[in-house]
Structure formats: structure tokens, C-alpha cells
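Hi,

Here is the structure I promised to pass on. Have a look at it first, and my notes follow below.

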Amino acid sequence: MTDNSHIRIIKPPATVFLVGAGPGDAGLATTAATEALQKAACVIYDALANPVLLKYCPPDCEYIYVGKQAAAHTLSQDGINRLLVDKARSIGQKAMDARCVVRLKGGDPYVFGRGGEEGEFLRQAGVPFRTIPGITAGLAGPAYAGIPVTHRELTSTVTFVTGHERDRTESPAGATGAAGAVTADPAAPRVNYKALAQLGGTLVFYMGVKNLPDIASQLIAGGMPASTPAAVIHKATLPQQRTVVAALCDIAAQAKAAGITAPAITIVGEVVKLRAELNWFESQPLFGQTILVTRTRQQASGLTAGLTSLGANVLEAPTIEITQPDDFTATDAALKNLAEFDCVVFTSANGVEAAWRRLRVLGLDCRAFAGRQVAAIGPATHEALGNIGIVADLMPEEFVGEKLAELIIASFGKGYASSLAGRKFLLLRADIARPALREALAQAGAQVTDIAIYNTRRPASLPAEVLAALEAGNINWITFTSASTADNLYEMLPEQLRSAVKNCKRLSIGPITSQSLAAHGWPATVEAAQHDIPGMIQALLAAVSKA
Ligand code: SAH
């Protein structure tokens with residue numbers, strides 16, 4: 001027999017992807033970037049990469065933050081290089097398994113991001129790597145500030161410059177303003193301001209906030225007209241974006257007066273003038289508004305997406321969690337015997353989804369509803385029914401329980417009181433559903449089975465960022481989509497922050513929610529005329545445009 005004991009099987013290292021996360025707005029990450037994240041076993045990311053992108057990663061992915069703000073854990077560039085190699089080796093490459101290491105960097109990995117150095121190190125260590133370019137802040141920032149970096153009539157060149165010359169030891173990808181010790185590196189190539197001033201065209205400076213006075217005066221000394229338009233864009237492409245425009249000779253003072261800090265991009269050149277016409281991002285209707293959305297975790301996304309697309313900065317405070325009932329006996333009995341009911345009534349999308357999940361557990365599907373009338377309280381419920389193959393027969397024009405009851409009575413009982421005698425209704429609702437609908441139907445003579453198909457629970461606590469924003473007075477509006485969002489927010493807030501809610505404007509979905517708000521001493525500032533999410537957005541837009 002041959003002795004193989006001297007042979008060691010060495011796993012080849014996993015591939016490292018040097019991925020550009022884009023400038024901030026998560027929508028500006030490329031498809032290739034999101035695909036790399038989907039197969040990441042480990043993501044090593046910086047301060048300027050939007051952490052929202054981590055939602056693409058598989059559940060067992062490891063996250064390592066190496067940005068500059070993590071004071072206790074800051075890694076040197078060497079440390080990051082070694083970490084990449086160690087992770088690639090320990091994860092290793094397995095047959096038929098494409099799990100990789102993602103090095104996620106703000107903007108583009110090779111634009112002032114030290115991605116080149118990381119690539120060199122990986123290469124020397126024999127670790128395979130790929131590069132996924134990203135949209136760099138120097139292009140996206142101006143675009144979101146209404147400044148095209150080139151224009152046929154104004155410039156044919158655009159130059160990217162680091163404004164952070166004096167501190168070449170700092171990892172720029174993690175730099176968000178913590179200046180640290182400024183250490184001159186005599187070996188580093190210096191920026192030739194005179195040549196830049198002569199070249200003119202569009203100049204884009206990264207990492208230049210601290211050195212802005214120096215940059216401007218060197219350009220002017222090099223022969224650039226002091227009147228050249230300039231702009232500084234802070235937190236570009238994010239809802240917190242702020243832009244200051246001034247002549248080159250004033251830009252440093254103006255940026256300082258406006259309190260502009262890193263990260264910011266400075267752009268110098270005639271193209272800055274085009275902002276007057278092309279400033280689309282900062283002129284969105286809800287731009288500059290910070291809105292706190294209090295909803296169930298499951299349902300916040302629709303409202304959040306709508307508000308975000310109008311330019312708002314949205315924070316989410318989940319105030320309701322949906323849980324399964326402990327006991328399904330009554331639910332199962334009803335679902336197995338749907339044929340006994342004349343009409344099944346849903347008052348929330350959650351109810352529809354819960355019913356569907358339980359039907360599937362019972363081995364049933366939408367055919368269980370065959371021949372039954374189905375009623376929905378409003379469009380979201382209607383849509384949820386559509387998703388399981390059912391088109392609701394009844395939906396009131398105003399989306400509240402009382403109106404749904406009126407509609408049902410009108411259509412089943414031809415409008416006569418007590419005309420629902422002998423009719424059987426099944427209500428599949430939340431444990432905290434109001435009794436109004438059940439009572440109105442019962443009063444009209446109907447036989448009503450009211451089942452809590454899902455339970456609601458108040459989460460233990462609010463996210464720390466939400467408490468901090470309330471405390472700092474940074475929230476303009478708070479949205480309430482049900483009485484329980486108001487009640488639960490009240491219960492979840494520490495005493496001293498309850499009054500902070502008074503200082504915000506409050507948007508209510510409708511009268512029942514407004515009643516709850518008023519009971520807590522938080523009267524609704526605006527109540528939506530149409531009691532659903534689009535109605536709330538409409539009411540908010542009207543209020544903001546009037547202000
Ligand atoms: N690789 C990155 C740049 C890293 S250097 C890229 O391609 O964008 C870090 C500098 O980038 C910051 O100091 C700032 O000048 C700029 N920057 C990055 N993100 C920015 C943002 N959202 N808004 C403004 N400037 C940004």
C-alpha cells in the first residue's frame with residue numbers, strides 16, 4: 001500500500017470581490033454588486049458603503065466593519081489586507097460552491113479607495129480576486145446636485161483630484177471626517193495646483209473639506225479666476241444631501257458657515273451654473289423632510305418606499321409585530337367549512353396572508369372560497385386577495401369598518417335593517433380588531449363568526465436611532481396607520497420622549513387613529529381624507545407644499 005501521509009490537501013482560497021457599493025443611495029449599487037453580495041460568506045465593509053446593501057447577503061454571512069468610526073476596532077490598511085487574505089483562505093473554495101469574500105467599498109473601489117493596494121496584496125498572496133466597479137461619488141454627487149460634470153459648451157475635461165494630500169496614511173475609504181493626526185508623506189506625489197488651474201474645465205475634489213481654504217487659494221494663485229463657480233456637496237445621493245454653491249474665492253468660507261463636514265465632494269468649474277436649472281434631487285417634494293413611519297415590520301415597506309421616492313428621509317419604528325395565534329381550532333374549523341358562509345370578510349392584508357398560510361397548512365387553496373362572496377376593507381386588502389387568486393366582490397369607498405358594514409348590508413340585505421337574518425358571515429381579522437363591523441352585521445340580523453386569524457404584539461423596544469432622532473428633534477412628521485400604532489408608540493416611548501412627539505407633525509390615516517392620537521395628547525396635524533397609504537401620501541404632500 002502506498003503511504004499518502006505526507007500529502008496535505010490544501011483548499012484553494014475563496015475569491016475576493018473588490019466591490020464598489022456606489023456613492024450612498026442603495027439604488028446606485030450595480031446588479032453585479034448585489035449578485036456578489038448574494039453569494040458572500042463574509043463582507044468586509046467601510047463607513048461610506050451603505051449598510052442597507054447588506055440585506056442582499058445570505059443569512060449566515062459574516063459582517064466585518066472596518067470603517068474609521070469604529071474607534072475600538074479600527075484596522076490599518078495592512079490589517080485589512082491581511083484580513084482579506086485570511087478570510088479567503090479560511091472560507092476556501094469548494095466544488096460547486098461559489099461563496100466568496102466581498103470587500104465592499106464606497107463609490108468605486110479604485111477611485112481614491114485603496115482598492116488597487118488590496119488587489120496587489122491579494123495577487124501576491126495568491127488569492128484570486130475580481131473587481132466590480134461602482135458609481136463614484138465624484139460623478140454621482142454632482143449629478144444629484146444638478147451638475148453635469150461635462151457639458152459640450154462649457155468643458156471637455158473633468159479631473160478627479162484628492163484634496164487630502166497631507167494625510168496619505170489614512171485609509172480614505174473609511175474617512176468620514178475624523179481627521180486624526182496629519183502626517184505628511186514626502187514621498188507621495190503632490191497635486192500640481194498650477195497645472196490644474198491652467199487646465200480648468202471641471203475639477204472634482206474628494207476628501208477636501210478640511211483643506212478647502214488651501215485648495216481654493218492654491219487654484220486662484222495658479223491663475224484660476226476667483227469668480228469660478230464652485231459647489232460642495234455633503235452626503236451626496238442620500239436624503240441628508242446638502243449643497244453649498246459660491247464663487248471659488250468664497251466657497252471655503254460659505255461651506256464652513258453652512259457647517260459642511262465630510263464626506264463631501266467639491267466641484268469647481270462653469271458646469272456648476274447648470275445647477276440652477278438641473279437641481280432635480282433637492283427639489284423633490286419631500287426632500288429635507290425626516291419622516292418616522294410607525295407600522296408593522298411586515299407592512300412598513302410600502303409607505304417607506306412611497307415616501308423615499310418623493311425624497312423623504314424615512315426612519316422606521318416598528319410598533320406592531322404580527323404573531324400566530326396559539327390555538328387554531330376555531331380558525332381551522334371555519335377554513336375547512338367555508339362553504340357554510342355566505343361571505344368572508346377581510347379587513348387587512350395581514351388577515352389575508354394569515355388565512356392563506358393556514359389554508360396551505362390544511363392542504364387547501366383558493367378553491368375553498370368557491371362560490372362565497374368575499375369582502376375587502378380597502379385596496380391593500382383587495383390586492384392581497386388578488387395575490388392568492390381572489391377578486392373581492394365588495395369594497396367600500398371609504399376604508400373603515402362602519403362603511404364596509406353599510407356596504408354589506410346594502411348589497412346582501414337590499415338596504416333593509418335586520419335584513420341579514422339567516423346570513424352567515426366569517427370575519428378573519430386581528431385579535432385587536434374593533435367590534436364595530438361585527439356589531440353592525442349582527443344588528444342587521446346576521447350570524448357572525450369573528451375569528452382572530454393573527455395576533456398583534458407590541459415589540460419590546462424602539463430602534464436606538466429612532467429614539468436618538470426624536471430626542472434631537474430631527475423628525476418632522478410621524479405617520480400613524482392605525483389606532484394601535486399610536487397606542488403602542490405611546491407605550492413604547494420613555495416618558496420624556498412622549499412630549500417630543502408633540503413637537504413633530506402627526507399624520508393620521510383616518511378618524512379612528514386620530515381619536516387614539518388625541519387621547520394621548522397628540523392630536524393629528526393632518527388626517528388623510530382617503531384612509532389608505534396613497535391617501536396618506538397625498539395628504540402629506542398637500543400639507544408640505546402649503547407649509
Ligand atoms: N471610492 C470612493 C471615494 C473614497 S475617498 C468613491 O469612488 O466615491 C472618500 C471621499 O469620497 C470622501 O471624503 C468624499 O470626498 C467622497 N465621498 C464618498 N461618498 C460621498 C458622498 N456620499 N457624498 C459626498 N462625498 C462622498
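The side of domain 3 that touches domain 4 has 2 nonpolar, 6 polar and 1 charged residues (Ala, Val, Leu, Ile, Met, Phe, Trp, Tyr, Cys and Pro count as nonpolar, Asp, Glu, Lys and Arg as charged, and the others, Gly among them, as polar).

A word on the basis: this is a predicted model, where local features need pLDDT of at least 70, side-chain atom pairs count only at pLDDT 80 or more, and totals for chains, interfaces and linings use all residues. Residues are numbered from 1 along each chain as its sequence is written, and side-chain values use heavy atoms, with hydrogens and water left out.

Now the ligand. One of its oxygen atoms sits 2.8 Å from a polar backbone atom of D108, and an oxygen atom is 2.7 Å from a polar backbone atom of M207. A ligand nitrogen is 2.8 Å from a polar backbone atom of A236. The shell around the ligand divides into 13 nonpolar, 3 polar and 2 charged residues. Domain 1 (16-135) and domain 2 (140-179 + 190-280) each give at least three residues to that shell, with the bounds coming from an automatic or database domain assignment.

Cheers

Methods: Polar contact = N/O pair within 3.5 Å; in protein donor to acceptor, adjacent residues only side chain to side chain.
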